[in-house]
Amino acid sequence: MSNGRINREAWIRTGFAAKTAVRGRSGAALRRPDLAQRFASASSLIWVVIAVAILLNLAPAAAREANGDATETSRRLAFVVGNGAYENIDSLANPGRDARAVGDALERIGFDVTRVMDGDGTAMDSELKNFVETAREADIVLFFFAGHSVQVNGENYLLSVNVDASEPASILEHSLRLGQVRNLLNAADPGLAIVILDSCRDNPLGPVATEKTGETAAPLVFGRGLAQTTGAAGMLIAYATQPGELAYDGEGDHSPFTESLLRYVEDPGLEIRLMFGRVREDVVVSTEGAQVPWVEEAVLGEFYFSD
């Protein structure tokens, strides 16, 4: 009996140990899939994070590449005016060179450029209207003016070469009003309209004049520099200097503003607002703070001159 009890107890102990071992092995076996599943989930999450990071890094380059493809097929038109050989007021040395250089640079980056050099009032007006007709629904439409401009009764006028200082009212007849330019470009309904004014070197007409209209006389008040204006959604207006101030014509081949513009306009992958920021920084440094380029913009999306 004793041996039987011992054997039975030993058997029970052995059986219990075996069951425990089996249960332990089963538990371990049941737990292993949980660990593997958690490891697989963690690995998947890591790969997702890596993939997202790669996509975020590639997105700007992809956008630039897409823009570059669009540049090859998009309609990009520019109207470039350089007025320096004024007939009745002080002439300017650089506007002609500035306009030619800007026009050449724009052509190199895919713009179809219309040029008016030393244009009178009739030529400027008719050529601009013809240009706008061809530019309807273009991707980018750009207007560049280098020359004299003045502020009259709060309106900005871009002077033609035949404006007459002895008859200040001729400004209204022989100049392009900035508001008119803005409205014509808006009417063309481009993806982006750009106005670049390297003007307002000085006011050649004096502070006050009189416009005779029949038996009455209305004063024409000439303000310093150009008046601040507003654009529209999808438009950028860049001035060589801030409102109410004067811009330098420059002592070299180009004005400080155009020289800096030419430095950056063909840089690939440089977004337009960032480009004008660099132009501003250059001009402020080169003029020791005397001239601060100004930009008014409501650009929708990202645009690049060159890719």
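Me: What are the ground rules?
Reply: The model is predicted: local features need pLDDT of at least 70, side-chain atom pairs count only at pLDDT 80 or more, and totals for chains, interfaces and linings use all residues. Residues are numbered from 1 along each chain as its sequence is written, and side-chain values use heavy atoms, without hydrogens and water.

Me: How many helices and strands does the protein have?
Reply: Helices (H or I, at least four residues) and strands (E, at least two) are DSSP runs, numbered from the N terminus. The protein has seven helices and 11 strands.

Me: In which order do the strands of the open sheet lie?
Reply: Strands of a sheet pair through backbone hydrogen bonds, either parallel or antiparallel. Pairing here requires at least two DSSP bridges between two strands. Six strands form the open sheet, ordered E2-E1-E3-E7-E10-E11, with mixed pairing. Strands E2 (112-117) and E11 (294-297) are at the edges; each has a single partner strand, so one side of each lacks a neighbour in the sheet.

Me: How many bridges join E10 to E11?
Reply: Four, and the two strands run antiparallel. Leucine 236 has glutamate 297 in E11 as its bridge partner.

Me: Which residues have the most contacts inside the largest nonpolar core?
Reply: A nonpolar core is a set of buried (under 20% relative accessible area, 1.4 Å probe, protein chains only) Ala, Val, Leu, Ile, Met, Phe, Trp, Tyr and Cys residues joined through side-chain atoms within 4.5 Å. The largest has 41 residues; Leu128, Phe143, Leu159, Ile171, Leu185 and Leu197 have the most contacts inside it. Helix H5 (residues 178-188) gives the largest share, five residues. Another core, of 33 residues, lies apart from it and includes Val113 and Phe305.

Technical notes. Buried < 20%, exposed > 50% of the residue type's maximum accessible area, 1.4 Å probe, protein only.
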